[in-house]
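Please keep the 3D view open as you read.

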Amino acid sequence: MNRTVLVTVHTGRGAAVESARLVVNRLVDAGITVRVLEQEAVDIGCVGAEVVPCDPGAAKDAEVMIVLGGDGSLLRSAELARSAGTPLFGVNLGHVGFLAEAEVDDLAAAVDSVVAGNYDVEERMTIDVLARLNGQVIADTWALNEATVEKRERMLEVVAEVDGRPLSRWGCDGVICATPTGSTAYAFSAGGPVVWPEVEALLMVPISAHALFAKPLVVSPRATLAVEILPGTPGGVLWCDGRRRFDLPTGTRVEVRRGEHPVRVARLHGIDSTGAPFTDRLVAKFELPVQGWRGRVRP
């Protein structure tokens, strides 16, 4: 059976380009068909790779999509992989890299695991986002991490809603509606909780809200969240994953619910599905102090 892997890279980093060449050559040597995006092909310069346009068809029928870069690169690649159902396999070349499965120091071993098929695939929740003005749809999009209603200039006055019922009115810099995957991104910076990826939930996190009740909320994955920009206040901006931007006039209503299509992520074999690997990732990424831990007492 012919196997195909799509390789994408943050070409603005010299080390990333060198890593991409290693990945492509290793896959080609293993007899795997390799695709690279046309705007990255010149920088990678690998013989034997198939050059494809940067559109959702690039990931069609690919076994996996190897992404070399930071979380931003993975979010960009998710736009190609989601509609095709292709799993993302991230190699972190950035700073934090919560979405990545491997670090650059383990690159060769990670590629060998892909060649051997030693990985599982898990699904990450997404959110579908709809913005309406006077009943007319002005934005229809999605996000893997978060959708954020933010101020453009002055503070926003908004009313937050959960499942069709008003929750609170906030004067704020914005409101974040996030997935568990996005809980370690913008929502975390705004004071939201860390949610383990396998937990099914939606988060609503106000940003710098002037109110007594302005705490982060964790709600059912079946809930519908909404943020209304009140008349008489400035319009705002909707950002999805920090990549897709939509202007929101005064009076706009933004609705967020669980996405119809998840993003699939490849995980190497040997990772415990109980959540311990994510705990280890938190400790490593945030350099959390764990000295003195003895672990479970063995009989």
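## The model and its ring pairs

Please bear in mind that this is a predicted model. Four aromatic pairs are present in the structure. Ring pairs join Phe98, Phe188, Trp196, Phe278 and Phe286 into a cluster.

## Phe98 and Phe286

With ring centres 5.4 Å apart and planes at 50 degrees, phenylalanine 98 and phenylalanine 286 form a tilted pair. The two come from distant parts of the chain, 188 residues apart. Phenylalanine 98 belongs to the loop between strand S5 (88-92) and strand S6 (102-103), while phenylalanine 286 belongs to helix H6 (residues 276-286).

Are these two residues buried or exposed? Phenylalanine 98 is buried, at 6% relative accessible area, whereas phenylalanine 286 is partly exposed, at 31%.

## Phe188 and Phe286

Phenylalanine 286 also pairs with phenylalanine 188: their ring centres lie 5.0 Å apart. Why does this pair count as stacked? The planes meet at 15 degrees, and the pair is stacked because planes under 30 degrees apart count as such.

Phenylalanine 188 is partly exposed, with 33% relative accessibility.

## Charges over Trp142

Which residues place a charge over tryptophan 142? The charged end of arginine 82 sits over the ring, 4.1 Å from its centre. Arginine 244 lies over the face of tryptophan 142 as well, at 5.0 Å from the ring centre.

Note on methods
Residues are numbered from 1 along each chain as its sequence is written. This is a predicted model: local features need pLDDT of at least 70, side-chain atom pairs count only at pLDDT 80 or more; totals for chains, interfaces and linings use all residues. Side-chain values use heavy atoms; hydrogens and water are left out. Rings of Phe, Tyr and Trp (its six-membered ring) pair if their centres lie within 6.5 Å; planes under 30 degrees apart count as stacked, over 60 as edge-to-face and the rest as tilted. Helices (H or I, at least four residues) and strands (E, at least two) are DSSP runs, numbered from the N terminus. Buried means under 20% relative accessible area, exposed over 50%, partly exposed in between (1.4 Å probe, protein chains only). A charge sits over a ring if NZ of Lys or CZ of Arg is within 6 Å of the ring centre and within 35 degrees of the ring normal.
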